[in-house]
Amino acid sequence: IARNCPALEKINLGQTDVSDDDIRALVEHCPLLVRLDLEGTGISTHGLKFLTAAPCRKTIRTINLWGCNGIDDEALLLLAGSSLPALRKLH
């Protein structure tokens with residue numbers, strides 16, 4: 001999806017088997033991403049670190065991590081920090 005849809009703005013991957021590598025591909029190839037829903041996935045802190053260096057870090061406004069048990073305080077601090085200037089909602 002990521003390679004063939006570079007204009008993608010919103011994606012809901014909630015309750016899927018998405019991996020950290022899948023997230024890396026998505027955020028690297030979709031620079032216009034505004035909303036990312038990862039509710040209930042096995043995403044880890046490692047996977048979220050890719051987001052802070054990806055092209056979409058300037059456009060992403062909403063991230064849903066509800067029920068993601070693989071992330072820790074480090075990931076939340078990274079996401080809430082200045083590396084994502086457009087972020088307005090972090091669930």
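Here are some friendly notes on this predicted model, point by point.

1. **How to read it.** This is a predicted model, in which local features need pLDDT of at least 70 and side-chain atom pairs count only at pLDDT 80 or more, while totals for chains, interfaces and linings use all residues. Residues are numbered from 1 along each chain as its sequence is written, and side-chain values use heavy atoms, with hydrogens and water left out.

2. **Confidence.** The predictor's confidence in each residue is given as pLDDT, from 0 to 100. The mean pLDDT of the chain is 93, and 100% of its residues reach 70 or more. Confidence is highest in strand 2 (residues 35-37), at a mean of 98, and lowest in helix 3 (residues 73-80), at 86.

3. **Overall layout.** Three helices and four strands make up the elements of the chain; helices (H or I, at least four residues) and strands (E, at least two) are DSSP runs, numbered from the N terminus. From the N terminus on, the order is β-α-β-α-β-α-β. The radius of gyration of the chain, at 11 Å, is close to the 12 Å that the globule rule gives for 91 residues, so the chain is as compact as a globular protein of that length. For that comparison, the radius is taken over C-alpha atoms, and the rule is 2.2 Å times the number of residues to the power 0.38. Along its principal axes, the C-alpha trace spans about 30 × 30 × 20 Å.

4. Of the 91 residues in the chain, 43% are buried, where buried means under 20% relative accessible area, exposed over 50%, and partly exposed in between (1.4 Å probe, protein chains only). The chain exposes about 5100 Å², and carbon and sulfur atoms supply 50% of that area; the areas come from the Shrake-Rupley method with a 1.4 Å probe, and for residues only the protein chains shown count as cover.

5. The four strands form an open sheet in the order 1-2-3-4, with parallel pairing; two strands pair if DSSP finds at least two bridges between them. Strand 1 (10-12) and strand 4 (89-90) are the edge strands, each pairing on one side only. Strand 3 (residues 62-64) is joined to strand 4 by two bridges, and these strands run parallel. Leu90 in strand 4 is the bridge partner of Ile63.

6. **Thr62 in strand 3.** Thr62 has its place in strand 3 and counts as buried, at 13% relative accessibility. Leaving aside neighbours within four places in sequence, Thr62 is in contact with Val34, Arg35, Leu36, Leu87, Lys89 and His91.

7. **Helix 1.** Asp20, Ile23, Leu26 and Val27 are the buried residues of helix 1 (residues 20-29). They cover an arc of only 120° around the axis, which puts them on the same side of helix 1; the arc is that of the directions from the helix axis to the C-beta atoms. Those buried residues pack against strand 1, strand 2 and helix 2 (45-49).

8. **The loop between strand 1 and helix 1.** Two residues of this loop are worth a look: Leu13 and Gln15. Leu13 is buried, with a relative accessible area of 17%, whereas Gln15 counts as exposed at 59%. Gln15 also has a positive phi of about 60° although it is not a glycine. Leaving aside neighbours within four places in sequence, Leu13 is in contact with Val18, Ile23, Leu26, Asp37, Leu38 and Thr41.

9. **Thr41, across from that loop in sequence.** Thr41 is found in the loop between strand 2 and helix 2 and is buried, with a relative accessible area of 5%. Not counting residues up to four places away in sequence, Thr41 touches Leu13, Gly14, Gln15, Thr16, Val18, Gly67 and Cys68. Thr41 and Asp17 are 24 residues apart in sequence and 6.4 Å apart in space, C-alpha to C-alpha.

10. **Asn12 in strand 1.** Asn12 belongs to strand 1 and counts as exposed, at 56% relative accessibility.

How values were computed:
Contact means heavy atoms within 4.5 Å.
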